[in-house]
Amino acid sequence: MAVSDHVDLPTFLAGVRKRNPGQPEFVQAVQEVAEDVFDYIADKAVYHEYQILRRIAEPDRVVSFRVCWEDDRGNIRLQRGWRVQNNNAIGPYKGGIRFHASVTESVLKFLAFEQTFKNALTGLPMGGAKGGANFNPKGKSDHEIMRFCQSFMTELYRHVGADVDVPAGDIGVGPREIGYMFGQYKRITNSFTGVLTGKGVEYGGSPIRTEATGYGVAYFLADMFRTRGWDLDGKVAAVSGAGNVALHAAEKLTQLGARVVTLSDSTGFVHDRKGLDAEKLAWLKEHKAGKRASLAGYVAAFPDAEFCPDRRPWGVECDVAVPCATQNELGGDDARELLRNGCVAVVEGANMPCTLEAVHLFKEAGILYAPGKAANAGGVAVSGLEISQNATRRPWTPQQVEDELVKIMARIHDQCAEHGERFGTGRIDYVRGANIAGFKRVADAMLAFGVV
Ligand code: NDP
(Lines give C-alpha, C1' and ligand atoms only; values in the text may rest on other atoms or scores of the structure.)
Protein backbone atom coordinates (compact mmCIF):
# COMPACT_ATOMS: atom_id res chain seq x y z
CA MET A 1 0.00 0.00 0.00
CA ALA A 2 1.14 3.53 -0.72
CA VAL A 3 2.65 5.53 2.13
CA SER A 4 0.49 8.50 1.00
CA ASP A 5 -2.51 6.67 2.49
CA HIS A 6 -1.27 7.83 5.94
CA VAL A 7 -3.18 11.09 6.23
CA ASP A 8 -3.20 13.09 9.44
CA LEU A 9 -6.37 13.88 11.44
CA PRO A 10 -7.02 17.42 10.07
CA THR A 11 -6.64 16.15 6.48
CA PHE A 12 -8.93 13.20 7.19
CA LEU A 13 -11.59 15.47 8.70
CA ALA A 14 -11.31 17.95 5.84
CA GLY A 15 -12.03 15.05 3.47
CA VAL A 16 -15.07 13.98 5.52
CA ARG A 17 -16.43 17.54 5.44
CA LYS A 18 -15.83 17.82 1.70
CA ARG A 19 -17.51 14.51 0.89
CA ASN A 20 -20.53 15.23 3.12
CA PRO A 21 -21.57 18.85 2.49
CA GLY A 22 -24.52 20.09 4.53
CA GLN A 23 -24.33 17.13 6.93
CA PRO A 24 -23.11 18.67 10.22
CA GLU A 25 -24.41 15.92 12.54
CA PHE A 26 -22.61 13.24 10.56
CA VAL A 27 -19.36 15.21 10.45
CA GLN A 28 -19.61 15.85 14.23
CA ALA A 29 -20.04 12.13 14.96
CA VAL A 30 -17.11 11.14 12.73
CA GLN A 31 -14.89 13.80 14.30
CA GLU A 32 -15.64 12.57 17.81
CA VAL A 33 -14.61 9.02 16.92
CA ALA A 34 -11.67 10.02 14.72
CA GLU A 35 -10.02 12.06 17.48
CA ASP A 36 -9.58 8.91 19.57
CA VAL A 37 -9.06 6.38 16.81
CA PHE A 38 -6.27 8.36 15.11
CA ASP A 39 -4.38 8.39 18.38
CA TYR A 40 -4.88 4.63 18.81
CA ILE A 41 -3.84 3.68 15.27
CA ALA A 42 -0.86 6.05 15.13
CA ASP A 43 1.55 3.10 15.45
CA LYS A 44 -0.67 0.50 13.70
CA ALA A 45 0.08 0.92 10.01
CA VAL A 46 -2.26 -1.80 8.79
CA TYR A 47 -5.38 0.20 9.76
CA HIS A 48 -4.05 3.17 7.78
CA GLU A 49 -3.03 1.07 4.81
CA TYR A 50 -6.47 -0.45 4.50
CA GLN A 51 -8.14 2.94 5.19
CA ILE A 52 -10.38 1.29 7.75
CA LEU A 53 -11.76 4.42 9.43
CA ARG A 54 -12.41 6.10 6.11
CA ARG A 55 -14.34 3.01 4.98
CA ILE A 56 -16.40 2.86 8.21
CA ALA A 57 -17.21 6.55 7.72
CA GLU A 58 -18.64 5.86 4.24
CA PRO A 59 -21.98 4.01 4.58
CA ASP A 60 -22.24 0.74 2.66
CA ARG A 61 -25.39 2.23 1.18
CA VAL A 62 -28.00 4.95 1.72
CA VAL A 63 -31.44 4.13 0.38
CA SER A 64 -33.93 6.98 0.12
CA PHE A 65 -37.53 6.60 -0.97
CA ARG A 66 -40.89 8.32 -1.28
CA VAL A 67 -43.58 7.52 1.28
CA CYS A 68 -47.08 8.42 0.11
CA TRP A 69 -50.06 8.11 2.45
CA GLU A 70 -53.59 9.41 2.84
CA ASP A 71 -54.70 11.40 5.90
CA ASP A 72 -58.13 11.14 7.52
CA ARG A 73 -59.53 13.96 5.36
CA GLY A 74 -58.55 12.19 2.16
CA ASN A 75 -55.52 14.43 1.41
CA ILE A 76 -52.52 12.75 -0.22
CA ARG A 77 -49.43 13.36 1.91
CA LEU A 78 -45.81 12.86 0.97
CA GLN A 79 -42.78 12.13 3.15
CA ARG A 80 -39.21 11.01 2.51
CA GLY A 81 -37.95 7.75 4.01
CA TRP A 82 -34.39 6.45 4.36
CA ARG A 83 -32.41 3.41 5.43
CA VAL A 84 -28.71 3.98 6.01
CA GLN A 85 -26.79 0.67 6.13
CA ASN A 86 -23.46 1.75 7.50
CA ASN A 87 -21.43 -1.41 8.07
CA ASN A 88 -22.13 -5.15 8.34
CA ALA A 89 -18.62 -6.44 9.09
CA ILE A 90 -19.63 -8.22 12.30
CA GLY A 91 -23.27 -9.14 11.63
CA PRO A 92 -26.47 -8.18 9.80
CA TYR A 93 -27.27 -4.47 9.86
CA LYS A 94 -29.14 -3.41 12.98
CA GLY A 95 -30.50 -0.05 14.14
CA GLY A 96 -33.70 1.83 14.87
CA ILE A 97 -36.25 3.69 12.79
CA ARG A 98 -36.99 7.31 13.71
CA PHE A 99 -40.14 9.23 12.76
CA HIS A 100 -39.64 12.91 13.50
CA ALA A 101 -39.93 16.15 11.55
CA SER A 102 -36.20 16.78 12.11
CA VAL A 103 -35.06 13.58 10.35
CA THR A 104 -32.58 14.20 7.54
CA GLU A 105 -30.00 12.09 5.75
CA SER A 106 -27.27 13.69 7.90
CA VAL A 107 -29.02 12.74 11.15
CA LEU A 108 -29.53 9.14 10.01
CA LYS A 109 -25.95 8.84 8.76
CA PHE A 110 -24.63 10.02 12.13
CA LEU A 111 -26.90 7.58 13.95
CA ALA A 112 -25.92 4.64 11.69
CA PHE A 113 -22.23 5.46 12.16
CA GLU A 114 -22.61 5.58 15.96
CA GLN A 115 -24.67 2.41 15.90
CA THR A 116 -21.79 0.54 14.26
CA PHE A 117 -19.55 1.11 17.30
CA LYS A 118 -22.34 0.65 19.83
CA ASN A 119 -23.38 -2.70 18.41
CA ALA A 120 -19.77 -3.85 18.39
CA LEU A 121 -19.47 -3.00 22.09
CA THR A 122 -22.36 -5.31 22.99
CA GLY A 123 -20.27 -8.30 21.87
CA LEU A 124 -23.22 -9.54 19.81
CA PRO A 125 -23.08 -10.11 16.02
CA MET A 126 -24.77 -6.93 14.77
CA GLY A 127 -23.69 -4.41 12.14
CA GLY A 128 -24.77 -0.75 12.18
CA ALA A 129 -27.72 0.92 10.44
CA LYS A 130 -30.44 3.50 11.03
CA GLY A 131 -33.57 4.58 9.20
CA GLY A 132 -36.60 6.78 9.40
CA ALA A 133 -38.71 9.44 7.80
CA ASN A 134 -39.37 13.16 8.16
CA PHE A 135 -42.85 12.28 9.39
CA ASN A 136 -44.25 13.97 12.49
CA PRO A 137 -46.47 11.46 14.33
CA LYS A 138 -47.76 14.11 16.74
CA GLY A 139 -51.45 14.84 16.39
CA LYS A 140 -51.97 12.00 13.89
CA SER A 141 -54.81 9.55 14.45
CA ASP A 142 -54.15 5.87 15.02
CA HIS A 143 -55.35 5.11 11.48
CA GLU A 144 -53.07 7.74 9.98
CA ILE A 145 -50.10 6.23 11.85
CA MET A 146 -51.09 2.79 10.58
CA ARG A 147 -51.35 3.94 6.95
CA PHE A 148 -48.01 5.72 7.18
CA CYS A 149 -46.26 2.69 8.72
CA GLN A 150 -47.73 0.39 6.05
CA SER A 151 -46.62 2.68 3.24
CA PHE A 152 -43.14 3.03 4.77
CA MET A 153 -42.76 -0.77 5.00
CA THR A 154 -44.09 -1.29 1.48
CA GLU A 155 -40.80 0.19 0.29
CA LEU A 156 -38.50 -0.76 3.18
CA TYR A 157 -39.25 -4.48 2.97
CA ARG A 158 -36.98 -4.82 -0.12
CA HIS A 159 -33.96 -3.76 1.89
CA VAL A 160 -34.39 -5.63 5.20
CA GLY A 161 -34.58 -9.23 6.38
CA ALA A 162 -33.71 -11.40 9.38
CA ASP A 163 -30.20 -12.10 7.97
CA VAL A 164 -29.82 -8.79 6.15
CA ASP A 165 -30.98 -5.84 8.24
CA VAL A 166 -33.15 -5.89 11.37
CA PRO A 167 -34.63 -2.48 12.28
CA ALA A 168 -36.12 -1.53 15.67
CA GLY A 169 -37.83 1.55 17.18
CA ASP A 170 -36.38 4.96 18.01
CA ILE A 171 -37.87 8.44 18.48
CA GLY A 172 -41.51 8.35 17.34
CA VAL A 173 -41.46 4.59 16.76
CA GLY A 174 -42.66 2.44 19.65
CA PRO A 175 -44.51 -0.89 19.97
CA ARG A 176 -47.57 0.40 18.08
CA GLU A 177 -45.56 1.45 15.01
CA ILE A 178 -43.42 -1.72 15.12
CA GLY A 179 -46.65 -3.75 15.17
CA TYR A 180 -48.02 -1.98 12.08
CA MET A 181 -44.73 -2.37 10.21
CA PHE A 182 -44.31 -6.02 11.16
CA GLY A 183 -47.91 -6.72 10.08
CA GLN A 184 -47.24 -5.16 6.68
CA TYR A 185 -43.94 -7.03 6.22
CA LYS A 186 -45.63 -10.33 7.07
CA ARG A 187 -48.45 -9.55 4.66
CA ILE A 188 -46.15 -8.63 1.75
CA THR A 189 -43.65 -11.47 2.16
CA ASN A 190 -45.94 -14.17 3.58
CA SER A 191 -43.23 -14.99 6.11
CA PHE A 192 -43.00 -14.77 9.88
CA THR A 193 -39.38 -13.96 10.63
CA GLY A 194 -37.48 -11.83 13.12
CA VAL A 195 -37.22 -8.91 10.69
CA LEU A 196 -37.91 -6.27 13.34
CA THR A 197 -37.13 -6.10 17.05
CA GLY A 198 -39.14 -4.32 19.71
CA LYS A 199 -42.12 -6.48 18.76
CA GLY A 200 -44.95 -7.21 21.20
CA VAL A 201 -44.12 -10.22 23.41
CA GLU A 202 -47.22 -12.00 22.11
CA TYR A 203 -45.75 -12.12 18.60
CA GLY A 204 -42.04 -12.72 19.11
CA GLY A 205 -40.84 -9.71 21.08
CA SER A 206 -38.43 -10.03 23.99
CA PRO A 207 -39.42 -9.27 27.55
CA ILE A 208 -37.64 -6.14 28.84
CA ARG A 209 -36.95 -4.77 25.32
CA THR A 210 -39.10 -1.69 26.00
CA GLU A 211 -37.31 -1.02 29.27
CA ALA A 212 -33.81 -2.11 28.17
CA THR A 213 -32.25 1.16 26.96
CA GLY A 214 -33.25 3.16 30.02
CA TYR A 215 -32.50 0.34 32.48
CA GLY A 216 -29.11 -0.16 30.84
CA VAL A 217 -28.30 3.54 31.26
CA ALA A 218 -28.96 3.29 35.00
CA TYR A 219 -26.90 0.09 35.33
CA PHE A 220 -24.03 1.71 33.43
CA LEU A 221 -24.09 4.71 35.79
CA ALA A 222 -24.02 2.37 38.78
CA ASP A 223 -20.98 0.59 37.26
CA MET A 224 -19.22 3.95 36.77
CA PHE A 225 -19.97 4.97 40.35
CA ARG A 226 -18.46 1.72 41.61
CA THR A 227 -15.07 2.66 40.08
CA ARG A 228 -15.01 5.58 42.54
CA GLY A 229 -16.41 3.62 45.46
CA TRP A 230 -19.76 5.48 45.32
CA ASP A 231 -23.35 4.24 45.15
CA LEU A 232 -26.54 5.86 43.85
CA ASP A 233 -28.35 6.00 47.15
CA GLY A 234 -29.84 9.45 47.68
CA LYS A 235 -28.08 10.96 44.66
CA VAL A 236 -30.09 13.66 42.84
CA ALA A 237 -30.56 12.98 39.12
CA ALA A 238 -31.69 15.43 36.43
CA VAL A 239 -33.14 13.45 33.52
CA SER A 240 -34.26 14.99 30.22
CA GLY A 241 -36.82 13.53 27.83
CA ALA A 242 -40.09 11.85 28.74
CA GLY A 243 -40.12 9.05 26.22
CA ASN A 244 -39.08 5.43 26.23
CA VAL A 245 -35.47 5.95 27.32
CA ALA A 246 -36.08 8.74 29.83
CA LEU A 247 -38.97 7.10 31.67
CA HIS A 248 -37.24 3.74 32.03
CA ALA A 249 -33.92 5.33 33.01
CA ALA A 250 -35.83 7.30 35.65
CA GLU A 251 -37.59 4.14 36.80
CA LYS A 252 -34.40 2.10 37.28
CA LEU A 253 -32.47 5.02 38.80
CA THR A 254 -35.29 5.37 41.33
CA GLN A 255 -35.19 1.63 42.06
CA LEU A 256 -31.42 1.89 42.59
CA GLY A 257 -31.96 4.60 45.21
CA ALA A 258 -31.48 7.86 43.28
CA ARG A 259 -33.91 10.78 43.50
CA VAL A 260 -34.96 11.78 39.96
CA VAL A 261 -36.11 15.41 40.09
CA THR A 262 -36.64 16.37 36.44
CA LEU A 263 -38.01 15.16 33.11
CA SER A 264 -38.48 17.20 29.94
CA ASP A 265 -40.19 17.15 26.56
CA SER A 266 -40.54 19.39 23.55
CA THR A 267 -42.68 21.85 25.58
CA GLY A 268 -40.44 22.33 28.64
CA PHE A 269 -39.35 20.55 31.81
CA VAL A 270 -40.88 19.39 35.07
CA HIS A 271 -39.05 20.01 38.37
CA ASP A 272 -40.28 17.71 41.12
CA ARG A 273 -38.03 18.25 44.14
CA LYS A 274 -39.52 15.30 46.04
CA GLY A 275 -38.47 12.97 43.25
CA LEU A 276 -40.36 10.54 41.06
CA ASP A 277 -41.83 7.35 42.48
CA ALA A 278 -43.66 4.33 41.07
CA GLU A 279 -47.05 6.10 41.14
CA LYS A 280 -45.76 9.18 39.31
CA LEU A 281 -43.96 7.06 36.72
CA ALA A 282 -47.09 5.02 36.03
CA TRP A 283 -49.02 8.27 35.54
CA LEU A 284 -46.31 9.60 33.19
CA LYS A 285 -46.27 6.43 31.06
CA GLU A 286 -50.03 6.68 30.62
CA HIS A 287 -49.89 10.44 29.94
CA LYS A 288 -47.18 10.10 27.29
CA ALA A 289 -48.44 6.92 25.58
CA GLY A 290 -50.11 7.40 22.19
CA LYS A 291 -50.90 11.13 22.06
CA ARG A 292 -47.66 12.27 23.77
CA ALA A 293 -49.42 14.94 25.84
CA SER A 294 -47.31 17.82 27.17
CA LEU A 295 -45.55 17.51 30.54
CA ALA A 296 -47.35 20.71 31.50
CA GLY A 297 -50.18 18.40 32.65
CA TYR A 298 -47.94 16.90 35.38
CA VAL A 299 -48.46 19.77 37.83
CA ALA A 300 -52.24 19.32 37.79
CA ALA A 301 -51.74 15.72 38.95
CA PHE A 302 -48.81 16.43 41.31
CA PRO A 303 -49.16 20.06 42.49
CA ASP A 304 -45.87 20.14 44.45
CA ALA A 305 -43.99 20.07 41.16
CA GLU A 306 -43.20 23.01 38.91
CA PHE A 307 -43.39 23.15 35.10
CA CYS A 308 -40.84 25.38 33.32
CA PRO A 309 -42.03 25.98 29.74
CA ASP A 310 -39.57 25.99 26.81
CA ARG A 311 -36.58 25.25 29.04
CA ARG A 312 -34.23 22.34 29.60
CA PRO A 313 -33.38 20.98 33.03
CA TRP A 314 -29.62 21.60 33.13
CA GLY A 315 -29.85 24.57 35.52
CA VAL A 316 -31.24 22.38 38.30
CA GLU A 317 -28.81 21.35 41.06
CA CYS A 318 -28.01 17.65 40.71
CA ASP A 319 -25.32 15.04 41.27
CA VAL A 320 -25.90 13.33 37.92
CA ALA A 321 -27.30 14.51 34.59
CA VAL A 322 -28.92 11.98 32.29
CA PRO A 323 -29.83 13.49 28.89
CA CYS A 324 -32.37 11.15 27.24
CA ALA A 325 -34.25 13.32 24.70
CA THR A 326 -32.34 14.01 21.49
CA GLN A 327 -29.04 15.04 19.87
CA ASN A 328 -27.27 18.27 20.88
CA GLU A 329 -29.69 19.06 23.73
CA LEU A 330 -26.88 19.88 26.18
CA GLY A 331 -24.44 22.57 25.06
CA GLY A 332 -21.36 24.34 26.44
CA ASP A 333 -23.31 26.79 28.65
CA ASP A 334 -25.40 23.93 30.07
CA ALA A 335 -22.23 21.96 30.81
CA ARG A 336 -20.66 24.94 32.62
CA GLU A 337 -23.82 25.36 34.72
CA LEU A 338 -23.94 21.66 35.62
CA LEU A 339 -20.28 21.75 36.69
CA ARG A 340 -20.83 24.95 38.72
CA ASN A 341 -23.71 23.24 40.50
CA GLY A 342 -21.55 20.26 41.52
CA CYS A 343 -22.65 17.62 39.01
CA VAL A 344 -20.24 14.65 39.23
CA ALA A 345 -21.48 12.44 36.39
CA VAL A 346 -23.15 12.75 33.00
CA VAL A 347 -24.46 9.63 31.35
CA GLU A 348 -26.02 9.83 27.88
CA GLY A 349 -29.31 8.01 27.34
CA ALA A 350 -29.92 9.72 24.00
CA ASN A 351 -27.57 9.54 21.03
CA MET A 352 -25.06 12.42 21.01
CA PRO A 353 -27.13 14.67 23.33
CA CYS A 354 -24.01 16.61 24.37
CA THR A 355 -22.28 18.94 21.93
CA LEU A 356 -18.54 18.49 21.36
CA GLU A 357 -17.92 21.62 23.47
CA ALA A 358 -19.87 20.11 26.39
CA VAL A 359 -18.00 16.81 26.07
CA HIS A 360 -14.64 18.58 26.16
CA LEU A 361 -15.71 20.52 29.29
CA PHE A 362 -16.74 17.33 31.10
CA LYS A 363 -13.48 15.63 30.16
CA GLU A 364 -11.40 18.60 31.32
CA ALA A 365 -13.29 18.72 34.62
CA GLY A 366 -12.51 15.04 35.18
CA ILE A 367 -16.10 14.10 36.05
CA LEU A 368 -17.58 10.74 35.07
CA TYR A 369 -18.90 11.05 31.52
CA ALA A 370 -20.38 8.19 29.46
CA PRO A 371 -21.21 8.55 25.77
CA GLY A 372 -24.48 7.17 24.45
CA LYS A 373 -22.77 4.58 22.31
CA ALA A 374 -21.74 2.80 25.52
CA ALA A 375 -24.40 3.82 28.05
CA ASN A 376 -27.49 3.37 25.88
CA ALA A 377 -26.40 0.12 24.22
CA GLY A 378 -28.74 -1.89 26.46
CA GLY A 379 -31.62 -1.44 24.01
CA VAL A 380 -29.84 -2.85 21.02
CA ALA A 381 -28.29 -5.55 23.22
CA VAL A 382 -31.73 -6.82 24.18
CA SER A 383 -32.73 -6.50 20.51
CA GLY A 384 -29.81 -8.88 19.88
CA LEU A 385 -31.28 -11.22 22.49
CA GLU A 386 -34.67 -10.91 20.75
CA ILE A 387 -33.00 -12.05 17.50
CA SER A 388 -31.60 -15.09 19.33
CA GLN A 389 -35.01 -15.92 20.80
CA ASN A 390 -36.64 -15.58 17.36
CA ALA A 391 -33.98 -17.74 15.69
CA THR A 392 -34.37 -20.54 18.24
CA ARG A 393 -38.13 -19.93 18.64
CA ARG A 394 -37.70 -20.09 22.41
CA PRO A 395 -38.74 -17.06 24.46
CA TRP A 396 -36.83 -16.23 27.63
CA THR A 397 -38.26 -15.08 30.95
CA PRO A 398 -38.04 -11.38 31.94
CA GLN A 399 -35.57 -12.27 34.69
CA GLN A 400 -33.29 -14.14 32.26
CA VAL A 401 -33.24 -11.15 29.92
CA GLU A 402 -32.62 -8.60 32.67
CA ASP A 403 -29.81 -10.70 34.15
CA GLU A 404 -28.21 -10.86 30.71
CA LEU A 405 -28.66 -7.09 30.28
CA VAL A 406 -26.85 -6.42 33.57
CA LYS A 407 -23.95 -8.63 32.42
CA ILE A 408 -23.75 -6.99 28.99
CA MET A 409 -23.72 -3.46 30.46
CA ALA A 410 -20.94 -4.51 32.86
CA ARG A 411 -18.98 -5.97 29.93
CA ILE A 412 -19.36 -2.75 27.94
CA HIS A 413 -18.22 -0.79 30.99
CA ASP A 414 -15.17 -3.02 31.38
CA GLN A 415 -14.19 -2.65 27.72
CA CYS A 416 -14.41 1.14 28.09
CA ALA A 417 -12.24 0.89 31.20
CA GLU A 418 -9.69 -1.34 29.45
CA HIS A 419 -9.24 0.97 26.44
CA GLY A 420 -10.00 4.29 28.12
CA GLU A 421 -7.78 4.20 31.19
CA ARG A 422 -5.78 7.41 31.33
CA PHE A 423 -2.44 6.14 32.51
CA GLY A 424 -1.14 7.80 35.63
CA THR A 425 -4.47 9.41 36.53
CA GLY A 426 -6.49 6.34 37.52
CA ARG A 427 -9.35 7.96 35.53
CA ILE A 428 -11.32 6.33 32.72
CA ASP A 429 -12.02 8.25 29.52
CA TYR A 430 -15.23 6.43 28.54
CA VAL A 431 -15.48 8.12 25.15
CA ARG A 432 -12.02 7.01 24.16
CA GLY A 433 -12.60 3.54 25.61
CA ALA A 434 -15.88 3.06 23.73
CA ASN A 435 -14.51 4.44 20.47
CA ILE A 436 -11.40 2.27 20.52
CA ALA A 437 -13.07 -0.95 21.70
CA GLY A 438 -15.89 -0.58 19.13
CA PHE A 439 -13.49 0.38 16.34
CA LYS A 440 -11.12 -2.48 17.05
CA ARG A 441 -13.80 -5.17 16.75
CA VAL A 442 -15.22 -3.82 13.48
CA ALA A 443 -11.81 -2.99 12.03
CA ASP A 444 -10.35 -6.43 12.68
CA ALA A 445 -13.31 -8.08 10.96
CA MET A 446 -12.88 -5.73 7.99
CA LEU A 447 -9.19 -6.59 7.75
CA ALA A 448 -10.10 -10.29 7.61
CA PHE A 449 -12.30 -9.66 4.54
CA GLY A 450 -9.61 -7.80 2.58
CA VAL A 451 -10.60 -4.96 0.29
CA VAL A 452 -14.34 -5.42 -0.29
P1 NDP B 1 -39.23 8.87 22.35
O2 NDP B 1 -39.83 9.37 21.11
O3 NDP B 1 -39.90 7.81 23.14
O4 NDP B 1 -38.98 10.11 23.36
C5 NDP B 1 -38.24 11.23 22.99
C6 NDP B 1 -38.43 12.29 24.06
O7 NDP B 1 -37.59 13.39 23.79
C8 NDP B 1 -39.85 12.84 24.11
O9 NDP B 1 -40.17 13.17 25.43
C10 NDP B 1 -39.76 14.10 23.24
O11 NDP B 1 -40.69 15.10 23.59
C12 NDP B 1 -38.35 14.57 23.56
N13 NDP B 1 -37.78 15.27 22.41
C14 NDP B 1 -37.58 14.78 21.16
N15 NDP B 1 -37.04 15.72 20.37
C16 NDP B 1 -36.91 16.83 21.15
C17 NDP B 1 -36.40 18.13 20.94
N18 NDP B 1 -35.91 18.49 19.74
N19 NDP B 1 -36.43 19.00 21.97
C20 NDP B 1 -36.92 18.64 23.18
N21 NDP B 1 -37.40 17.41 23.45
C22 NDP B 1 -37.39 16.54 22.46
O23 NDP B 1 -37.73 8.45 21.96
P24 NDP B 1 -36.74 7.48 22.72
O25 NDP B 1 -36.89 7.67 24.18
O26 NDP B 1 -36.87 6.14 22.13
O27 NDP B 1 -35.32 8.05 22.24
C28 NDP B 1 -34.67 9.14 22.91
C29 NDP B 1 -33.20 9.16 22.52
O30 NDP B 1 -32.60 7.90 22.88
C31 NDP B 1 -32.90 9.33 21.03
O32 NDP B 1 -31.68 10.04 20.89
C33 NDP B 1 -32.72 7.90 20.55
O34 NDP B 1 -31.93 7.83 19.37
C35 NDP B 1 -31.99 7.32 21.73
N36 NDP B 1 -32.03 5.88 21.83
C37 NDP B 1 -33.23 5.20 21.89
C38 NDP B 1 -33.25 3.82 22.02
C39 NDP B 1 -34.50 3.07 22.21
O40 NDP B 1 -34.42 1.85 22.50
N41 NDP B 1 -35.68 3.66 22.11
C42 NDP B 1 -31.99 3.05 21.99
C43 NDP B 1 -30.79 3.86 22.02
C44 NDP B 1 -30.84 5.20 21.91
P45 NDP B 1 -42.28 14.92 23.28
O46 NDP B 1 -42.76 13.95 24.32
O47 NDP B 1 -42.82 16.29 23.46
O48 NDP B 1 -42.36 14.37 21.90
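**Domains**

I looked up the domain division first. The chain splits into domain 1 (9-56), domain 2 (61-193) and domain 3 (211-375); the bounds come from an automatic or database domain assignment. I noted that the model is predicted, with local features needing pLDDT of at least 70, side-chain atom pairs counting only at pLDDT 80 or more, and totals for chains, interfaces and linings using all residues. Residues are numbered from 1 along each chain as its sequence is written, and side-chain values use heavy atoms, with hydrogens and water left out.

I then checked domain 1 against domain 2. Their C-alpha centres lie 27 Å apart. I find 11 residues of domain 1 in contact with 11 residues of domain 2, where contact means heavy atoms within 4.5 Å.

**H2 on H5**

I turned to the helices; helices (H or I, at least four residues) and strands (E, at least two) are DSSP runs, numbered from the N terminus. Helix H2 (residues 24-41) packs on H5 at about 25°, and the axes are 6 Å apart. Axes are lines fitted to C-alpha atoms, for helices over the stretch in contact, and angles run from 0 to 180 degrees between N-to-C directions. H2 is therefore roughly parallel to H5. The cut-offs: under 35 degrees is roughly parallel, over 145 roughly antiparallel, 65 to 115 roughly perpendicular, and the rest oblique.

I listed the contact residues. From H2 come Pro24, Glu25, Phe26, Ala29, Val30, Glu32 and Val33; from H5 come Ser106, Val107, Lys109, Phe110, Phe113, Glu114 and Phe117. By class, this contact has 9 nonpolar, 1 polar and 4 charged residues. Ala, Val, Leu, Ile, Met, Phe, Trp, Tyr, Cys and Pro count as nonpolar, Asp, Glu, Lys and Arg as charged, and the others, Gly among them, as polar.

**H5 on H17**

Helix H5 (residues 105-121) also packs with helix H17 (residues 430-449), at about 85° with axes 8 Å apart. The two are therefore roughly perpendicular. On the H5 side I see Thr116, Phe117, Asn119, Ala120 and Leu121; H17 brings Ala434, Asn435, Ala437, Gly438, Phe439, Arg441 and Val442. The classes are 7 nonpolar, 4 polar and 1 charged.

**H8 and H9**

Next I looked at helix H8 (residues 209-227) and helix H9 (residues 244-255). Their axes come within 7 Å and cross at roughly 45°, so H8 and H9 are oblique to each other. The contact of H8 with H9 divides into 8 nonpolar, 6 polar and 3 charged residues.

**Five-stranded sheet**

I traced an open sheet of 5 strands in the order S1-S2-S4-S3-S5, with mixed pairing. Two strands pair if DSSP finds at least two bridges between them. Strand S1 (61-70) and strand S5 (165-168) are the edges, each pairing on one side only. Neighbouring strands are turned by 20° against each other on average, direction ignored. S1 and strand S2 (residues 76-87) are antiparallel over 10 bridges. I checked valine 62: its bridge partner in S2 is valine 84.

**Seven-stranded sheet**

I ended on the open sheet of 7 strands, ordered S9-S8-S7-S6-S10-S11-S12, again with mixed pairing. Strand S9 (306-309) and strand S12 (368-370) each have a single partner strand, so one side of each is left without a neighbour in the sheet. Strand S10 (residues 320-323) and strand S11 (residues 345-347) run parallel, joined by 2 bridges. Alanine 321 stands opposite valine 346 in S11.
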